[in-house]
Amino acid sequence: MSEKFDCIVVGAGPAGISCAYELAKGGAKVLLLERGEYPGSKNVMGGVLYRKMMEDIIPEFYKEAPLERPVVEQRFMMMDKESAVTVGYKGMEWGKEPYNNFTVLRAKFDQWFAEKAVEQGAVLVNETVVLECIVEDGKVVGVRTDRPNGEIYADVVVLADGVNSLLAQSLGFHKEYKPDEVALATMEVLKLDKKVIEDRFNLEENQGCTIELFGDATKGILGTGFLYTNKDSLSIGVGTLLSGLIKHKIKPYELLEYVKNHPMIRPYIQGSESQEYLAHLIPEGGFKSMGRIVGDGVIVIGDASQLVNAIHREGSNLAMTSGRYAAEAVLLAKQAGDFSEKMLDSYRMRLMAGFVGQDMQKYKDSTHHFNKFPQYFEDYIPMVNKAASQMFTVDGTSKWEKQKKIWKDLGTGKEKMKLARDMYRAWKVIK
Amino acid sequence: MSEQKKGQSIEEKQYLVRFNADTKSHLHVKDEDICLTQCPDKICTIFCPAEIYKWEDIRMHVGYEGCHECGSCRIGCPHQNIKWEYPKGGHGIVFRLG
């Protein structure tokens, strides 16, 4: 390949495909490189795709995209060993246009989305690893791939190479991540009859439910589990900071088995059949782990730039928006014939001024805080379970007596102060 | 009532996954001696989600063919002793669903 492109996008995930789609639509000559056999073959997520950011790219995509179910109910389970306190919201408005979000299976969805970018005119080349960026006079001018004579040149290279972000790291944009900046998630897709899913999760046809799991799902380590409904399968998974697994010497697949066999979860998945097992990292260092995202001739987007809002399990939407903004910055640069960092910085400015940057900043201390103070997951979730059990167990004790007992169980005056301080701190890091 | 199998093993899980393994490994222990003499925990054998690292008496066996390419070992190795690359284009793990 000796021809030169306006832009090379490395990695066909939600960020890279969004970027390539918008660039091609804007008339740029764009090459989308993917190392897997097909887009999606290396990609993993729990499975929630947000409608708004996808529609910013392809309006009414839900009329043709391979989606699983529109989510009409979101539950949050605070789990102890043999109990759970559950809160949730179910609303019929989420079950009809324009929808809120959908469960998806990424190998199917990403292939479809990449085809859409190709329809717009992007050139997609699979089975190609980018080994490094070609840098001349401090400017990124292309990429070196693992194909014979694999140098390809472009005015701008967009790095959408995912959580490991080796290319940005080799450019010196960020340091190697530490075990407390990434979460290791494992998940399984479990085949289950459609009708059985709808009965168990109280759904009608073409309605979905998501359940986020806190507390005992991760044995008190910082992290979450999830259980999502697909058309005729369930996605179940658990993710914890890598540092947590190291510290507690826990095997991730044994933690996944623990969740699958938890008495609060087992009845949902009973009789299902495992179809696939997947492991992937999630960037969870947040705003403080973000490195440089713009340089001369280069832009970093999606997971590769740590764009994940862990508290709200959002990532693919941030990825898509970053891809779209990157494309618009490249198109502006193309118009001006200037591909310098200064010119491309319009990407960073827009990203940081919008919801992506705002949310990254809002939660900049959250992972660190909840990691530093394990009592939230280790102590307070069991406490809430115990209080609920006491309050709702009818045993002849008056409610006043019960309240007194619950108050007493919170501990000494000093311990109560600690609890109050922790609640205030938690509020501060997420407010 | 059909019963959910208790404690499905990692071997059973890995059996569900499609791999198109390259003929050579994309993962390398940089210095075998470090694993032997400086790393009593051998924590990679615990946290690797595919259990591809197995300690065999005096050396680390790396079953790269079953790697999910997640990157945990590169980041989690307490001695930064793992050289980690992507498998050749089109090789390695092939997810079909999730």
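I began with A:Thr86, which is partly exposed because 13 other C-beta atoms lie within 10 Å; here buried takes 20 or more other C-beta atoms within 10 Å, exposed takes 12 or fewer, partly exposed lies in between, and the C-beta atoms are placed from the backbone. The model is predicted, so I note that local features need pLDDT of at least 70 and side-chain atom pairs pLDDT 80 or more, while totals for chains, interfaces and linings use all residues. Residues are numbered from 1 along each chain as its sequence is written, and chains are lettered from A in the order in which they are written.

I then placed A:Thr86 in strand β5 of chain A, residues 84-90, where strands (E, at least two residues) and helices (H or I, at least four) are DSSP runs numbered from the N terminus. Leaving aside neighbours within four places in sequence, I found A:Thr86 in contact with A:Arg75, A:Phe76 and A:Met77, contact being C-beta atoms, placed from the backbone, within 7 Å. From A:Thr86 to A:Lys42 I noted 44 residues in sequence and 33 Å in space, C-alpha to C-alpha.

An α-helix has 3.6 residues a turn, so residues three or four places apart point the same way. I also checked the length of α13(A), residues 375-392: the 18 residues should span 26 Å at 1.5 Å a residue, and the end C-alpha atoms are 25 Å apart, which agrees; the expected span is 1.5 Å times one less than the number of residues.

Lastly I turned to the chain pair, where 48 residues of chain A are in contact with 33 residues of chain B. On the side of chain A that touches chain B, β15(A) gives the most, with 8 residues.

Terms used
Contact = placed C-beta atoms within 7 Å.
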